[in-house]
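Please look through the sequence and the 3D structure shown here before reading on. The briefing that follows goes through selected local features, grouped by topic.

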Amino acid sequence: MTNVIGQPLPRIDGRAKVTGGARYAADFNQKGQAYAVIVSATAGLGRITEIGVDAVSAMPGVISVISHLNAPRLAYGEHKGVIDPAIGERLHVLQDDQVRFWGQPVAIVVADTLDHAERAAAALNVGYTAERPVVDPSGLIANAVVPEAARKEGARTLADAARGDADAALASAEVKIDESYDIARENHNPMEPHATIAAWNGDRLTLWSKSQYVVNEQAEIAAIFGLPVENVQVICPFVGGAFGTSLRTWPHVTLAAIAAREVGRPVKLVLTRKQMFYTTGHRPRTLQRVALGAAKDGKFKSLIHEGVGETSRYEEFIEALTSVTGFLYSCPNVRTGYRIVKLDTGTPTYMRGPGEASGVFALECAADELSYKLGLDPIELRRLNEPEIDEAADKPFSSRSLMKCYDAGAERFGWSKRDPKPRSMRDGRLLIGMGVASASYPAFHAPSSALARLLPDGTAEIEVAASDMGPGTYTSMTQVAAETLGLPVDSVRFSLGRSDFPPAPSHGGSWTMASVGSAICAACIAVQEEAARRAIADQRSPVFGASIDGVVWEEGRLGRRGDTAPGQTYGDIVASAGGPIEANASASRDPDIASRYSMHAFGAVFAEVAVDPDVGTIRVRRALGTYGAGRIVNPRLAASQCTGGMVGGIGMALMERTVLDQRDGRPVNAHMADYLVPVNLDIADIEAHFVDEVDPHVNALGVKGLGEIALVGMAPAIANAVYHATGIRVRTLPIRIEDML
Ligand code: MOS
């Protein structure tokens, strides 16, 4: 069964997902479970002065009201996963009377039914001494600081990087632009809200909990409760979208576990949509400056990119806001800087394309703007400044197909039909614009392990503590295992989402295919070797006595090398062995390769918009992304994943914005009626394509990952199309109707 990788198989879990067979965290109802509802702070900063426990305790069905007054003191031991900020300490929940941001959990009400718990939570009176929080970073750019994590690294490259003298080169550049960009805070808003069911058995805790990183959730909850890690089990076979919000273990998981322990029964806790805007992270608002200087012929001479992101008072969240700027273009003088502002808000977190999506927006709008000043086609400007190597890292790219993406994309999109003059194309009354932007995201690879098990019936099982938030991990990993083992896809069963499976990295950073896929390859090869050793040692086997190099697997059969006889199947060998044969293996990136190459995926993103000049509405009529992301394991799922990310980019460009009340830090649009995301009518024609790209360096599978890059580049392509349609340059996201009038 070779060539399974690369086949456009439909999702093997698709039927389960659309028929209710897939079980999400909140579906794992437990016998005798109670229901917990979080009471969220209605002050943005201050102290809790009163909690009206008595009145609520008497309400129907109420079992317990837990607040800082009676909550157990928790260990909050040392633990930092790769997705926790390096600096600061996570929010300790119900441990004191302080309110640090609007919506912080201040109590939980546990009742026999959800209805009773909701009523009691709504009735709970909480008193505060409230102060005015600081939640707007825009006036605080001067107060922004170098992240402490960057200072600790010594080189400060996380915050600052430079080559040449960008400021002097800008001053003397023949053509230049120097502009500011402001991107709104966003919340992830997956379909499935955060949910945890917690059940204790003595000092052992089981959590059915929405998570992109079950082994991290296990370790974090163990640290918070002061338990041995093996006493905590996290189970999450399905994730109904996440986009980064389920990478960290947020306070509601701790609250569910506290509640279950306090009431002595399993407890189910599901966040409301409103609560999803409070304590589960957000894309930080960013404020950026990009200055670009070029010679008259369009060659870049200077590139300056300064970015500021927001973080909380208690943790320093940082993201790769300006990193792409160092290597997207060839330019002798480049300076990038990154600072953070501490605000009275919950800690932001990674949200699809974290850092890159925001930073590339500023960079790619600036490049577009410069192209008009130069009188150059925006694609030609990029071609002119295409680098030979990664000039920031001073290393070759492992592969880079950006111009190939532009060429293929331009052809498909019909870029040549574009009249370069702004406000020149019309369809009836509507102003039509076409825009482009580049996309890039690192080809990460984190260490992962996997278990492969051969069963007597000739099938194989693969287990990894990975997650699948929607991209099709179940299917793509099954393809990798089937191809490596030489088995049909339906003879391989892949399981994920349990913390007692071999550890995997977070399901984020677009590294699952590379990391988990490589580990599965390694485990499949290891289990083949183990099976071969067993066969060689088995007197009944036709390969008995052969050397390990003298046998070979072909189409799932083991035979002597050079022998044309069909050989033994996995089932034959396992049956002789008297039980399953299994092997555990790990894989990680070769550090030598990592030190020699700069590894990123690239893409070219095109958008066509129609703007109504009278009422200012903007419609994305067509969007087309072309990506060079290494080997595509499943083109159908890859395209689906990319179009999903592009929809997120449409949201970023035109709709998504979490608005805070400046008086108290309250997110005023914390619901899906006013926090807008694109629906079908907002999307129209949307396509993702892949150029052939063979990268021999990134990993054994040659894959680069697609989750994040699909969001990067869409928003600037739309903003650039809006400019082309209207002649109005908008540097604040989301672009609103008012901006068009
Ligand atoms: Mo992605 S923001 O790493 O889930």
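P734 lies in the segment that comes after β30 (732-733), where helices (H or I, at least four residues) and strands (E, at least two) are DSSP runs numbered from the N terminus. This is a predicted model, in which local features need pLDDT of at least 70 and side-chain atom pairs count only at pLDDT 80 or more, while totals for chains, interfaces and linings use all residues. Residues are numbered from 1 along each chain as its sequence is written.

**Backbone details**

- The peptide bond that leads from L733 to P734 is cis, and its omega is near -5°.
- N189, which is found in the loop between β9 (175-183) and β10 (195-201), has a phi near 50°, a positive value in a residue other than glycine.
- N189 counts as buried because it has 21 C-beta neighbours inside 10 Å; a residue is buried if 20 or more other C-beta atoms lie within 10 Å of its own, exposed if 12 or fewer, and partly exposed in between, with C-beta atoms placed from the backbone.
- F243 is not a glycine either, yet it has a positive phi of about 60°, and its place is in the loop between β12 (232-235) and α7.
- F243 is buried, since 27 other C-beta atoms lie within 10 Å.

**Strand β17 and its partners**

- In strand β17 (residues 333-343), 9 of the 11 residues are buried, so this strand is largely enclosed by the rest of the structure.
- Strand β8 (residues 160-163) runs antiparallel to β17 and is joined to it by 4 bridges, where two strands pair if DSSP finds at least two bridges between them.
- A161 has T336 of β17 as its bridge partner.
- Strand β15 (residues 300-312) pairs with β17 in the parallel sense over 11 bridges, and the bridge partner of V308 in β17 is R339.

**Helices α6 and α7**

- The axes of helix α6 (residues 214-225) and helix α7 (residues 251-263) come within 11 Å and cross at roughly 55°, the axes being lines fitted to C-alpha atoms, for helices over the stretch in contact, with angles from 0 to 180 degrees between N-to-C directions.
- That angle makes α6 oblique to α7, because angles under 35 degrees count as roughly parallel, over 145 as roughly antiparallel, 65 to 115 as roughly perpendicular and the rest as oblique.
- The contact is made by E217, I221, I224 and F225 of α6 together with V253, T254 and A257 of α7, where two residues are in contact if their C-beta atoms, placed from the backbone, lie within 7 Å.
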